[in-house]
Amino acid sequence: MASMRVEHINPFISALKKTFNTMLSWNPIRGKPVLKEARTADHQVSGVIGLSGKAVGTVVLSFSTPVALKAASAMLMTEAKTIDADVLDAVGELTNMVAGAAKAELEQYELMVSLPNVVTGENHMVHFPSTVTPISIPFETEYGPFTLEVALAPVSQP
């Protein structure tokens with residue numbers, strides 16, 4: 001199984017910082033990246049996007065419930081109190097923006113981005129390509145934690 005390369009993860013980190021700054025006026029604090037061994041999500045609400053092309057992969061933004069609610073509130077300009085369809089849409093849209101911005105920096109892989117899926121619940125499963133170990137990067141905000149998880153592996157035949 002291959003390891004993620006730094007040149008693959010950096011576009012996602014910079015895309016996340018730009019997206020969160022622009023859309024939410026947040027400057028999340030990045031924690032220490034770790035290899036993700038577990039297949040369960042770190043938090044209760046996860047946006048999941050598949051990548052395909054000359055590389056295959058998965059991008060996950062996993063939010064604690066308070067962070068998902070605050071992010072949706074900022075995007076919707078109204079207070080979100082429960083995890084409802086609007087909050088799920090906001091999480092999916094944030095995930096989509098991060099993946100799309102990172103895709104632009106990874107042109108050599110001619111990536112296509114799937115529609116986002118949003119999964120909820122404690123310890124929900126997230127599946128990554130079996131050919132690469134994902135990197136998990138924790139972030140902290142004034143509202144609580146969230147995690148960016150990325151697995152991206154070049155393929156010989158797109």
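Buried residues make up 46% of the 158 residues in this protein, which we examine here as a predicted model. I shall keep that figure in view as we go through the helices one by one.

Let me set out the overall architecture. The protein has 3 helices and 10 strands. Along the sequence, these elements follow the pattern β-α-β-β-β-β-α-α-β-β-β-β-β. The radius of gyration is 15 Å, close to the 15 Å that the globule rule gives for 158 residues, so the protein is as compact as a globular protein of that length. Its C-alpha atoms fill a box of roughly 45 × 30 × 30 Å along the principal axes.

How do contacts relate to distance along the sequence? Among contacts between residues at least 6 apart in sequence, 73% join residues at least 24 apart. As for the surface, the protein exposes about 7,700 Å², and carbon and sulfur atoms supply 54% of that area.

I turn now to helix 1, which covers residues 6–24. At 1.5 Å a residue, its 19 residues should span 27 Å; the end C-alpha atoms are 26 Å apart, which agrees. Which residues of helix 1 are buried? They are His 8, Ile 9, Pro 11, Phe 12, Ile 13, Ala 15, Leu 16, Thr 19, Phe 20 and Leu 24.

Ile 9 is found in helix 1, and with a relative accessibility of 5% it counts as buried, because the cut-off for buried is under 20%. Ile 9 and Ile 135 are 126 residues apart in sequence, yet their C-alpha atoms are 7.9 Å apart in space.

Leaving aside residues up to four places away in sequence, Ser 136 touches Lys 32, Pro 33, Val 34, Lys 36, Asp 42, Thr 147, Leu 148 and Glu 149.

Next comes the end of helix 1. What follows the helix? It is Ser 25, whose phi is positive, near 60°. Most residues other than glycine have a negative phi. Ser 25 has its positive value although it is not a glycine. Ser 25 is found in the loop between helix 1 and strand 2, and is exposed, with a relative accessible area of 62%.

Helix 2 covers residues 65–76. Its 12 residues should span 16 Å at 1.5 Å a residue, and its end C-alpha atoms are 16 Å apart, which agrees. The buried residues here are Val 67, Ala 68, Leu 69, Ala 71, Ala 72 and Ser 73. They pack against helix 1, strand 4, strand 5, helix 3, strand 9 and strand 10.

Is Ser 73 buried or exposed? Ser 73 is buried, with a relative accessible area of 14%. Not counting residues up to four places away in sequence, Ser 73 touches Thr 78, Glu 79 and Ala 80. Helix 2 is followed by Met 77, whose phi is positive, near 55°.

Finally, helix 3 covers residues 85–105. Helix 3 has 21 residues and reaches 31 Å from its first C-alpha to its last, close to the 30 Å expected at 1.5 Å a residue. Its buried residues are Val 87, Ala 90, Val 91, Gly 92, Leu 94, Thr 95, Val 98, Ala 99 and Ala 102. What covers these residues? The cover includes helix 1, strand 4, strand 5, helix 2, strand 6 and strand 7.

In the loop between helix 3 and strand 6 we find Glu 110. Glu 110 has a positive phi of about 45° although it is not a glycine. Glu 110 is exposed, with a relative accessible area of 51%.

To close, I return to the packing of the helices. The buried residues of helix 2 pack against elements that include helix 1 and helix 3, and the cover of the buried residues of helix 3 includes helix 1 and helix 2.

Terms used. Residues numbered from 1 in each chain as written. Predicted model: local features only at pLDDT ≥ 70, side-chain atom pairs only at ≥ 80, totals over all residues. Heavy atoms only, no water. Helix = DSSP H or I, 4+ residues; strand = E, 2+ residues; numbered from the N terminus. Rg over C-alpha atoms; globule rule 2.2 N^0.38 Å. Buried < 20%, exposed > 50% of the residue type's maximum accessible area, 1.4 Å probe, protein only. Contact = heavy atoms within 4.5 Å. Areas by Shrake-Rupley, 256 points an atom, 1.4 Å probe, with all protein chains shown as cover. Expected span 1.5 Å × (residues − 1).
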